Amino acid sequence: MATSTRFDPFRELDRLLGEGLRSATASTSLPMDLYKEGDRFVGLIDMPGVDPSTIDIDVEDRTLTVRAERRAPAEGDAQWLMHERQSGTFARQLAMGKGLATDKIEADYTDGVLRLVIPVAEEAQPRKIAVSHGNQRAEQAELVEGETDLGS
């Protein structure tokens with residue numbers, strides 16, 4: 001008795017679409033929001049299900065790299081009925097400008113979100129420069145000289 005293999009076009013289409021979506025979302029497996037708040041940048045990276053002890057953050061040549069691992073909840077001879085959550089090691093890189101204080105970056109992982117605070121370097125922060133007028137300098141010099149005369 002020969003057994004026939006049934007071809008289900010909908011199941012095959014679902015499988016192909018699923019593979020395509022998984023590869024499309026692989027690059028965004030660590031979605032991030034980044035915004036500037038005053039004199040610092042704040043990055044929020046979604047990392048649900050990541051073991052905090054696997055999070056690794058380093059800066060090299062103005063590139064910040066975040067790595068983390070999400071382990072599969074079942075291993076060995078588990079029979080998967082559905083497996084949509086990605087597992088494995090994930091990485092995200094950010095190119096950083098010269099005006100950032102990379103030695104003062106802070107990181108906090110709470111409720112599946114990694115929060116990075118990247119301060120703007122002090123020398124890169126905007127500042128006002130006072131402009132004095134030539135007459136003001138002469139008056140200030142006379143005032144200083146007058147004060148030293150009074151003290152003697």
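The side chains of Asp51 and Arg71 are joined by a polar contact of 3.2 Å, where a polar contact is a pair of N or O atoms within 3.5 Å, of which, within protein, one must be able to donate a hydrogen and the other to accept it, and for which residues adjacent in sequence count only if both atoms are side-chain atoms. The structure is a predicted model, in which local features need pLDDT of at least 70 and side-chain atom pairs count only at pLDDT 80 or more, whereas totals for chains, interfaces and linings use all residues. Residues are numbered from 1 along each chain as its sequence is written, and side-chain values use heavy atoms, with hydrogens and water left out.

Asp51 lies in the loop that runs between strand 2 (40–46) and strand 3 (56–60); helices (H or I, at least four residues) and strands (E, at least two) are DSSP runs, numbered from the N terminus. A further polar contact, of 3.0 Å, links the side chain of Asp51 to that of Ser53. When residues up to four places away in sequence are not counted, Asp51 touches Glu69 and Arg71, contact being defined as heavy atoms within 4.5 Å. The C-alpha atoms of Asp51 and Glu69 are separated by 6.7 Å, although the two residues are 18 residues apart along the chain. Because its relative accessible area is 28%, Asp51 is classed as partly exposed, a class that falls between buried (under 20% relative accessible area) and exposed (over 50%), with a 1.4 Å probe and protein chains only.

Thr54 is found in the loop between strand 2 and strand 3, and it counts as buried because its relative accessibility is 17%. The side chain of Thr54 reaches the backbone nitrogen of Glu69 at 3.0 Å, and, with neighbours within four places in sequence left aside, Thr54 is in contact with Arg67, Ala68, Glu69 and Arg71.

Thr65 belongs to strand 4 (residues 63–70) and is counted as buried because its relative accessibility is 6%. The side chain of Thr65 makes a polar contact of 3.0 Å with the side chain of Gln93, and Gln93 is also among the residues that Thr65 touches beyond four places in sequence, together with Asp56, Ile57, Asp58 and Arg92.

The pairing of strand 4 with strand 5 is antiparallel and extends over 8 bridges, and Leu64 stands opposite Leu94 in strand 5.

The largest nonpolar core has 17 residues, of which Ile45, Met47, Ile55, Leu64, Val66, Leu114 and Leu116 touch the most other members; such a core is a set of buried Ala, Val, Leu, Ile, Met, Phe, Trp, Tyr and Cys residues joined through side-chain atoms within 4.5 Å. Two or more residues of this core are given by each of strand 4, strand 5 (88–95) and strand 7 (113–119).

For the protein chain as a whole, 2 helices and 7 strands are present, following the pattern α-β-β-β-β-β-β-β-α along the sequence. Buried residues make up 19% of its 152 residues.

Technical notes. Two strands pair if DSSP finds at least two bridges between them.
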